[in-house]
Structures are given as structure tokens and as C-alpha cells.
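Have the sequence and the 3D view ready, and click along as you read.

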Amino acid sequence: MNAMLETPELPAVFDGVKLAAVAAVLYVIVRCLNLKSPTAPPDLIYQDTALSRFLLKSCPLLTKEYIPPMIWGKSGHIQTALYGKMGRVRSPHPYGLRKYLTMSDGATATFDLFEPLAEHCIREDVTMVICPGIANHSEKQYIRTFVDYAQKNGYRCAVLNHLGALPNIELTSPRMFTYGCTWEFGAMVNYIKKTFPQTQLVVVGFSLGGNIVCKYLGETQANQERVLCCVSVCQGYSALRAQETFMQWDQCRRFYNFLMADNMKKIILSHRQVLFGDSVKQPQALVDSDLSRLYTATSLMQIDDTIMRKFHGYSSLKEYYEKESCLHYLPRIYVPLMLVNAADDPLVHDSLLSIPRALSEKQENVMFVLPLHGGHLGFFEGAVLFPEPLTWMDKLVVQYTNAICQWEKNKSQCSDTEQAASGQE
């Protein structure tokens, strides 16, 4: 009799279990997708100067909310995964000419040159010299999307193809791109300056490319001649500081480290005949034991220590990271510099963001822009689910450079007016 009375209560128990399971799943979804995170304008760290006030008026994106796609856009992991897997949606195919430059060590640097598709806002000749992220090149979708947008805003674009990154271009010397080697980027910039003597330059770097362009500008004052400004997006600033964070499982950085290392292994092995050949002559020639260690490497640090540092004869991984990072070159940059990172970038640890923050608090030419969302080179925009072809990042870089160009034109006009007035006196 008691059993019969208790039986009707069982469905209620099962309903409670189902409800708890659904609640748990919803909680996980909300946490993983970061749905409760607010949207807000990016954090801005800068000095109060006439230039910064002009930029705030001329660049609405600096003071406007960045609104990512509602369902998944607040997850830095999904933004990063979408960038890594598909780059961009409905990416255009800009037409460019590939240029080949022979380096002093026999390496062949390549870059793609894209002419402007419209008149620039200040009716001047301005060229963007662009350095992509690790193992990237001009054929990557995020680069194609940005170049197409820049062309339509009146910019000529020159995009470096990292040495060894293009699958159809063979190496002509036993050397690949490294974390901070500026040789190929410098050769491209010199070519542009010589070929277009009237052009002014806007320097743009994405991720690893941000490190390269900042290091290049800081290496010598001459590298900043004819440069209007520089924009760095999603770089980590110090490889030495970053190496420890890349081995941590926090924010899945160890997993991302493994994926990037696997990609680097494939690229290196695709050039194994040139890099590991018997005729290779370089400061520290690669040997068979290096090849064996490469096969078993599961992190970028292992690959850098086994292979990459030896291209330039560094005696240790620490020396390689110290010398190839832009950290000590940033204070030597005097042109307007915008440093952009995302607070939810799973690759760049929060501790590394103290570097651009401190720099922007000390130097008047530096502005640090930190939106809450965007991941690593994601910055997708969209209403609910589907992202738009153009990203917040694409628009911000062009908006900022347009404002700098206008600022420089206004300064030039004021100077001409003052000279004319003094001449009349």
C-alpha cells in the first residue's frame, strides 16, 4: 500500500532532475559564451594633447560601443577560432602584383602591391605597409578583407609575405621568418620609398607583425622618415614574458600553443631540403638531431629553441626573445602610435597588457585601445548570429589613419599660412 502511494511521486523526481540538467547546461552556455558580459566603448589610455583630442573627435569608434554578435561574439575563444579557421566571411579578392626582392644572404623576400581604388580623403599619395601575423601572407582572408577596404579608402597597400609562409614560393636560402627579424619588412619599405618618392607611409602590423613593425620603427630614427603613424593590433610585446603564460592551461593557452606549433612544424618541414641540406652554411647550422627534436616539439618555445633562434645565431632562447621583441624599441618610436588589444584575447595574457598601458601613460604619441571583446584578431560585428564581412578592427585602423592624415594636412596648411604671413611682413 505504501509503495502504491509513493509511485506517483517518481515523475516529479525525474522532472526535477531534467530541470536541474537543463539549468546546468544553460549555466555552462552562458558562462562559455560570456553572455552576461556588457558591451562598452573600448578603454582608452592616452595623454591629453591636441592630437588625442582631435582623434577622439575624428574617430567615433574610439568612443562608441563595440557590439559583437550577440550569441557568440562575447567569447574570445569563438572570435579567435573563427578568425583562425575562416578568417573572414565573404572575403573579397583584391588584385595585386607580387614583387620579389633579393636579400644580401640570398633569401628572396616577396610582397604584394595593391593600388588604391578611390581618391584618398586628403587627396594625397599614402601607402599602407602591412605586416601580417605569424606564418601569414597576403592571401589570408583577414588580410584580403582589410586591404580591399583600405584600397576603397584611397590607400595603396604593400603586404609582406613572411619568408617561407607562401606554399608556392620556395626558400632560396636556409632561413625563414622569425619573431622579430625586420629585414624583409625593411626591404619592402625601402622599395616603396624609392619607387614612390612622393608617398607617405602608414605602418600596420597584426599580431606577430605588430612586433616586427614596432621593432623596425624603433631600430633607427631613419626608419620613421615619411611615416605618418603606426598601428599594432593584438601583439604580445615581449616574447620573454609571454613564454611562461603560453605554457599555462588558463584560457586554453597551452592548447593554442600546441596548434600554432603544429602549424609551424608543417611549414618548416615543407622547406626541409633547403633548411637541413648538407650545403647549409649559417651561424648555427641545423643538423639531423634538430630535425628529430622538431618532430617531437609540442610548443612554439621548443621550436624556437631548436630551429628559429639558430637562423640568426642566438646562443639561447632567452637571448633570442630579448633581442627579437619590440619591448625595448617602443620608447624610441616618435610618430603617432596606436596599440590595440582585446581584453578577452586568449593568446595575450593580461599581464602583458601592462606594457602598452605604461607606455601610453608616459608618451604623448601613444594611444592604447582595449575593447572588452574581440579575441585574437577577431573583432567581428553583427546583430545576433551571422558576422558582417568588415570587422571593427578593419574600420578602426582606417578611421584612425584617416584622422592622422587629416591632422598632418591641417598642420601643413597652418605652417604654410604662417610662412605666407611672415613673408608679407
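What follows covers cysteines, nonpolar cores, aromatic rings and a few strands.

First, some ground rules. This is a predicted model, in which local features need pLDDT of at least 70 and side-chain atom pairs count only at pLDDT 80 or more, while totals for chains, interfaces and linings use all residues. Residues are numbered from 1 along each chain as its sequence is written, and side-chain values use heavy atoms, with hydrogens and water left out.

**Cysteines**

How many disulfides does a search of the whole structure find? The answer is zero. A disulfide here is a pair of cysteine sulfur atoms within 2.5 Å. The sulfur of cysteine 59 has its closest cysteine sulfur in cysteine 229, at 9.9 Å, which is too far for a bond. For cysteine 230, the closest one belongs to cysteine 214, at 4.4 Å, again too far for a bond. Cysteine 59 is buried at 0% relative accessibility, and cysteine 230 is buried with a relative accessible area of 0%. (Buried means under 20% relative accessible area, exposed over 50%, and partly exposed in between, using a 1.4 Å probe and protein chains only.)

**Nonpolar cores**

A nonpolar core is a set of buried Ala, Val, Leu, Ile, Met, Phe, Trp, Tyr and Cys residues joined through side-chain atoms within 4.5 Å. The largest one here has 75 residues, and Phe185 and Ile268 have the most contacts inside it. Apart from that one lies another core of 45 residues, including Tyr66 and Val398. Back to phenylalanine 185: leaving aside neighbours within four places in sequence, its contacts (heavy atoms within 4.5 Å) include Val129, Leu160, Ile212 and Tyr216.

**Aromatic rings**

The whole structure has 13 aromatic pairs. Rings of Phe, Tyr and Trp (its six-membered ring) pair if their centres lie within 6.5 Å; planes under 30 degrees apart count as stacked, over 60 as edge-to-face and the rest as tilted. Here are two of the pairs:

| Pair | Centres apart | Plane angle | Type |
|---|---|---|---|
| Tyrosine 66 and tryptophan 392 | 5.4 Å | 40° | tilted |
| Tryptophan 72 and phenylalanine 380 | 5.9 Å | 70° | edge-to-face |

Tyrosine 66 sits in the loop between α3 (50-58) and α4 (76-86), and tryptophan 392 in helix α15 (residues 392-424), so their pair ties together parts that are 326 residues apart in sequence. (Helices, H or I with at least four residues, and strands, E with at least two, are DSSP runs numbered from the N terminus.) Tyrosine 66 is buried at 2% relative accessibility, and tryptophan 392 is buried at 0%.

Tryptophan 72 and phenylalanine 380 are both buried too. The charged end of arginine 88 sits over the ring of phenylalanine 380, 5.1 Å from its centre. That label needs NZ of Lys or CZ of Arg within 6 Å of the ring centre and within 35 degrees of the ring normal.

**Strands**

Is strand β3 (residues 108-114) mostly covered or uncovered? It's mostly covered, with six of its seven residues buried. Strands pair if DSSP finds at least two bridges between them. Strand β2 (residues 97-102) runs antiparallel to β3, joined by six bridges, and five bridges join β3 to strand β5 (residues 156-161), also antiparallel. Find aspartate 112 in β3: it is the bridge partner of arginine 98, and aspartate 112 also stands opposite valine 159 in β5. Finally, β2 and β3 form a hairpin with five residues between them, and glycine 106 in the turn has a positive phi of about 95°.
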